[in-house]
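Morning, everyone. I will take one chain today and walk through it from the whole to single residues. Please have the viewer open.

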Amino acid sequence: MAAYVAIMFLLWPLLPRVHNELLKIALALLPVLPVLFVVRAMVRLVLGSDELEQRIHLIGLAVAATVVSTLSLVGGFLAAADVIKLDGTILIWVWPTLCVAYAAARGWAAGRYGGDADVECSNGIALHWRLLLAALVLAVIAGLGRAQMSDYQLGMLCGMSVVFAAWGLMLAIVRWRRRQRGNHEAS
């Protein structure tokens, strides 16, 4: 996903300056490549899971698809009624919205079945560390690409970095407090 973010913020803004049609198509579709690798990784993760984990993934995917479909329907009706103006660029947000809704729904489903709502992934890296790493990657991309980014893009990257860092720190504090509480109860 770091490759996707880097492409979107560093290369995609160059699209209006490209005049060769084939190069423009290639540059426009370049962000799809890292997404395909993510899809492949997700499929491998689900296929390698036990039946309970597969069920949790299925619930997450079903809820996410329902949420995104409903939002699309609402947006379509509002646009058709000329209440809001939407163009094709709104479609870029379908995949990230689906991923966020999936993560939230999967966490909810895992909690329902007594799981820890994905505190650790299969390689043992705690969620708060993954979020802090994502924040760092976004900050580095913002720092490296600030000269060729618009203020909006730079602000978006910095804002995303801060949100991930705050979320990671919040989860780390919650985990630390739970451990402290567990240590006090054990003694």
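A definition comes before anything else: buried means under 20% relative accessible area, exposed means over 50%, and partly exposed is in between, with a 1.4 Å probe and protein chains only. This is a predicted model, so local features need pLDDT of at least 70, side-chain atom pairs count only at pLDDT 80 or more, and totals for chains, interfaces and linings use all residues. Residues are numbered from 1 along each chain as its sequence is written, and side-chain values use heavy atoms, with hydrogens and water left out.

Now the overall fold. The chain has seven helices and zero strands. Helices here are DSSP runs of H or I with at least four residues, strands are runs of E with at least two, and both are numbered from the N terminus. Along the sequence the pattern reads α-α-α-α-α-α-α. Along the principal axes, the C-alpha atoms fill a box of roughly 70 × 40 × 35 Å.

How much of the chain is buried? Of its 187 residues, 22% are. The chain exposes about 12900 Å², and carbon and sulfur atoms supply 69% of that area. Accessible areas come from the Shrake-Rupley method with a 1.4 Å probe; for residues, only the protein chains shown count as cover.

Next, contacts, which means heavy atoms within 4.5 Å. Take contacts between residues at least 6 apart in sequence: 62% of them join residues at least 24 apart.

Charges, briefly. The chain carries 15 positive and 11 negative charges, and their mean positions are 4 Å apart. Lys and Arg count as positive, Asp and Glu as negative; His and the chain ends are not counted. Each charge is placed at NZ of Lys, CZ of Arg, CG of Asp or CD of Glu.

On to single residues. Start with H57, in helix α4, residues 51-80. H57 counts as buried because its relative accessibility is 6%. Which residues does H57 touch? Not counting residues up to four places away in sequence, they are L45, V46, S49, Y102 and R106. With R106 there is also a side-chain to side-chain polar contact, at 3.4 Å. A polar contact is a pair of N or O atoms within 3.5 Å; within protein, one must be able to donate a hydrogen and the other to accept it, and residues adjacent in sequence count only if both atoms are side-chain atoms.

Next, D82, in the loop between α4 and α5, the latter spanning 94-112. Phi of D82 is near 60°, a positive value in a residue other than glycine. D82 is exposed because its relative accessible area is 56%.

Now helix α7, residues 151-186, which holds S161. Is S161 buried or exposed? At 10% relative accessibility, S161 counts as buried. Leaving aside neighbours within four places in sequence, S161 contacts A135, L138 and A139. Q180 is also found in helix α7. At 29% relative accessibility, Q180 is partly exposed.

K24 is partly exposed, at 30% relative accessibility. Beyond its neighbours within four places in sequence, K24 is in contact with L15 and V18. The C-alpha atoms of K24 and L14, 10 residues apart along the chain, are separated by 9.4 Å.

Last, cysteines. C158 is partly exposed at 38%.

That is my tour. Thanks.
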